[in-house]
Amino acid sequence: MARAFVVVLDSLGCGGAPDAAEFGDLGANTLGHIIQARQGQLHVPTLAALGLGEVLQHSSGMSSPWPAATLGVWAVAREISKGKDTPSGHWELAGVPVPWDWHYFPNKTPAFPPQVLAALQDFAGGSLANCHASGMPVIEAFGAEHLRSGLPICYTSVDSVFQIAAHEDHFGLQNLYQLCQDMAGILHEMKVGRVIARPFVGSLETGFHRTLNRKDFAMDPPHATLCEWVMQAGHPVHAIGKIGDIFSMRGITRCRKGSDAQLMEHLADEMKHAPDGSLIFANFVEFDTLFGHRRDAEGYAGALEWFDAQIGPILAESRSNDLVIFTADHGNDPTWRGTDHTREQVPVLVHGQKLAQQLGCERTIAFQDVAATVAMHLGVVAQGQGRNFL
């Protein structure tokens, strides 16, 4: 019986989104500009063999630095949801475009309206920062005051998010999660996509650093997604990384978290042991959080080379009826202005031992087509508007 793996390299866009100018991102190209920063020296033989170079050429017109693909099938996916954020990308890959406009907070201080500040007063006795900020700089700026006052550090970005940072020991991890849960009801009504718990440890003297206990409190998808289609058909759905948070655990049988290195171990274990009929849905977030947002092209390149070296042996363990899809949810060009995600098309690289090189398959597809293709492979009824592109 078939299994399916959907592996999201968070933020690995490949340029060329037809509506990029509407987002201020005309010319952004995460993959292409990483290759340029490396002067063409990006060593990713497994992804290249699956068609990563052809994806780049098709999406943006840039030349591939690698030999022609020899394995699998490739395509380029376009998003229709009016956002370049995590929920929009993942929900649409799972068959459900976002039917509303997200709420974004203005870049001023305080960034949050009176009703949000009043809720923070009720739930936590007040808050610090209340502005647009990046994660570690805002913790470094307000960490000492947070330890003195016990008030949470609240901030946002150009994404539709409300983030709360607090010290795991002094504030308490469970207290942080409860505060996020309390705030989520108010913020989701405003169409703010996620409330994110950002726990950290350390001191002013030793330095602060964030832990792996981040938790996203996301809005529920408006309709059943691929995860639920598969579960309703009686098959297990195993989430790796933040997938469970993104889908509010709807349609998720089991969730495994950790650093990207730990997630790779989980993926290898699933490849060996996941039962027939399973959907394994994984997100590798550090491309986005550690390198895209921080505008670190060299770090991003190194992370891609690490991922490629790890994934080759894992694919060698795949079963004859497995379908493995590598894709992304948006872009985050590390050479682009600012620190925001970028509106781009994304790669879709498909591996399967029984998958012959299909030169006639569609090359430009919709995000929703990923869900429809996985559903057909698993023998599950697709409830969305996507089409099988294989």
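Which side chain does Asp 269 meet in a salt bridge? The legends below take up this pair and other close-ups of a predicted model.

**Figure 1. Asp 269 and Arg 256 pair through their side chains.** The answer is Arg 256: its side chain and that of Asp 269 form a salt bridge, 3.0 Å from N to O. The pair links distant parts of the chain, with Asp 269 in helix α10 and Arg 256 in strand β10, 13 residues apart. Asp 269 is partly exposed, with a relative accessible area of 27%. Arg 256 has 19% and counts as buried, because buried means under 20% relative accessible area.

**Figure 2. Arg 254 and Glu 270 form a salt bridge.** The closest N and O atoms of Arg 254 and Glu 270 are 2.6 Å apart. Here too the pair links distant parts of the chain: Arg 254 belongs to strand β10 (residues 254-256) and Glu 270 to helix α10 (residues 260-273), 16 residues apart. Arg 254 is partly exposed, at 36% relative accessible area. Glu 270 is buried, at 1%.

**Figure 3. A salt bridge joins Glu 305 to Arg 38.** The closest N and O atoms of this pair lie 2.9 Å apart. Glu 305 sits in helix α12 (residues 297-316) and Arg 38 in the loop between α1 (30-37) and α2 (45-49), so the bridge ties together parts that are 267 residues apart in sequence. Glu 305 is partly exposed, with a relative accessible area of 21%. Arg 38 is buried, at 18%. Side chains of opposite charge can pair when their charged atoms come close. The structure holds 19 salt bridges.

**Figure 4. The largest nonpolar core, with Phe 307 and Phe 326.** This core has 84 residues. Phe 307 and Phe 326 touch the most other members. Helix α12 gives the most to the core, with eight residues. Leaving out residues up to four places away in sequence, Phe 307 touches Val 7, Leu 9, Leu 47, Met 264, Phe 284, Phe 287 and Phe 326. Another core, of 24 residues, lies apart from the largest one. Its members include Val 116, Leu 179, Leu 187 and Val 195. In soluble globular proteins, nonpolar side chains tend to be buried together.

**Figure 5. The largest cavity and its lining.** A search of the whole structure finds two cavities of 30 Å³ or more. The largest holds about 50 Å³ of space. Leu 9, Leu 12, Leu 47, Leu 52, Phe 326, Thr 327, Pro 347 and Leu 349 line this cavity. Strands β12 (322-327) and β13 (346-351) each supply at least two of the lining residues. By class, the lining has seven nonpolar residues, one polar and no charged. Leu 9, Leu 47 and Phe 326, which line the cavity, are also among the contacts of Phe 307.

**Figure 6. The second largest cavity.** The volume of this cavity is about 30 Å³. Its lining consists of Asp 85, Pro 87, Trp 102, Ser 160, Val 161, Gly 193 and Arg 194. Three of these residues are nonpolar, two polar and two charged.

**Figure 7. Ala 48 in helix α2.** Ala 48 is buried, at 6% relative accessibility. With residues up to four places away in sequence not counted, Ala 48 touches Glu 54, Trp 66 and Ala 69. The C-alpha atoms of Ala 48 and Leu 71 are separated by 8.9 Å, and the two residues are 23 apart along the chain.

**Figure 8. Thr 46 in helix α2.** Thr 46 is buried, with a relative accessible area of 18%. Neighbours within four places in sequence aside, Thr 46 is in contact with Asp 308, Ile 311, Gly 312 and Leu 315.

Technical notes. Residues are numbered from 1 along each chain as its sequence is written. This is a predicted model: local features need pLDDT of at least 70, side-chain atom pairs count only at pLDDT 80 or more; totals for chains, interfaces and linings use all residues. Side-chain values use heavy atoms; hydrogens and water are left out. On a 1 Å grid over the protein atoms alone, a cavity is a set of points where a 1.4 Å probe fits but cannot get out, and a pocket is an open set with protein on both sides within 12 Å along at least five of seven lines; lining residues have an atom within 4 Å of a point. Grid points are joined across faces, edges and corners, and a volume is the space filled by probe spheres set on the points. Helices (H or I, at least four residues) and strands (E, at least two) are DSSP runs, numbered from the N terminus. Ala, Val, Leu, Ile, Met, Phe, Trp, Tyr, Cys and Pro count as nonpolar, Asp, Glu, Lys and Arg as charged, and the others, Gly among them, as polar. A salt bridge is a side-chain nitrogen of Lys or Arg within 4 Å of a carboxyl oxygen of Asp or Glu. Buried means under 20% relative accessible area, exposed over 50%, partly exposed in between (1.4 Å probe, protein chains only). A nonpolar core is a set of buried Ala, Val, Leu, Ile, Met, Phe, Trp, Tyr and Cys residues joined through side-chain atoms within 4.5 Å. Contact means heavy atoms within 4.5 Å.
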